[in-house]
Amino acid sequence: MIFLIQYNRNQRKLVNFQTFDDWEREKAYDAKFALELRLNDQSIRDEVVILEASSEAAVRRTHRRYPERLEQLLTPPA
């Protein structure tokens, strides 16, 4: 799986979390580029990364700087 993550370092807050299947690699990178352009136009300096992992749980284990906010985004509303 491919994960596109936008993280605000100053606020220590996860802003955006998108998942893509492995076969959507080009779509993921296009989305990252579009997001970076939009943020740059708005002078927003958030961190934008693409990560590859076998599961969302693996991302939580290996990239703990995107903490519980990731959990909140992945949990459907009640």
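These notes cover the sheet, the helix and the salt bridges of a predicted model.

1. Basis. Local features need pLDDT of at least 70 and side-chain atom pairs count only at pLDDT 80 or more, while totals for chains, interfaces and linings use all residues. Numbering starts from 1 along each chain as its sequence is written, and side-chain values use heavy atoms, with hydrogens and water left out.

2. Sheet. Three strands form an open sheet in the order β2-β1-β3, with antiparallel pairing. Strands are DSSP runs of E, at least two residues; helices are runs of H or I, at least four residues; both are numbered from the N terminus. Two strands pair if DSSP finds at least two bridges between them. β2 and β3 are the edge strands with a single partner each, so one side of each has no neighbour in the sheet. The twist averages 20 degrees from one strand to the next (axes are lines fitted to C-alpha atoms, for helices over the stretch in contact; angles run from 0 to 180 degrees between N-to-C directions).

3. Strand pairs. β1 and β2 share 7 bridges. Ile 5 has Phe 17 in β2 as its bridge partner. The two strands make a hairpin with 4 residues between them, and Arg 12 in the turn has a positive phi of about 50 degrees. β1 and β3 are joined by 6 bridges. Here Leu 4 stands opposite Ile 50 in β3.

4. In α1, Ala 28, Lys 32, Leu 35 and Leu 39 are buried (under 20% relative accessible area; exposed is over 50%, partly exposed in between; 1.4 Å probe, protein chains only). These buried residues fall within an arc of 70 degrees seen down the axis, so they line one face of the helix. The arc is taken from the directions from the helix axis to the C-beta atoms. Glu 26, Phe 33 and Asp 41 are exposed on the other side. The buried residues pack against β1, β2 and β3, where contact means heavy atoms within 4.5 Å. α1 runs at about 170 degrees to β3.

5. Salt bridges. There are 4 in the structure (a side-chain nitrogen of Lys or Arg within 4 Å of a carboxyl oxygen of Asp or Glu). One of them joins Arg 9 and Glu 47 at 3.2 Å, N to O. Arg 9 sits in the loop between β1 and β2 and Glu 47 in β3, 38 residues apart. Glu 47 counts as buried, at 11% relative accessibility. Glu 52 and Arg 25 meet at 2.6 Å, N to O. Glu 52 is in β3 and Arg 25 in α1, so this pair ties together parts 27 residues apart in sequence.
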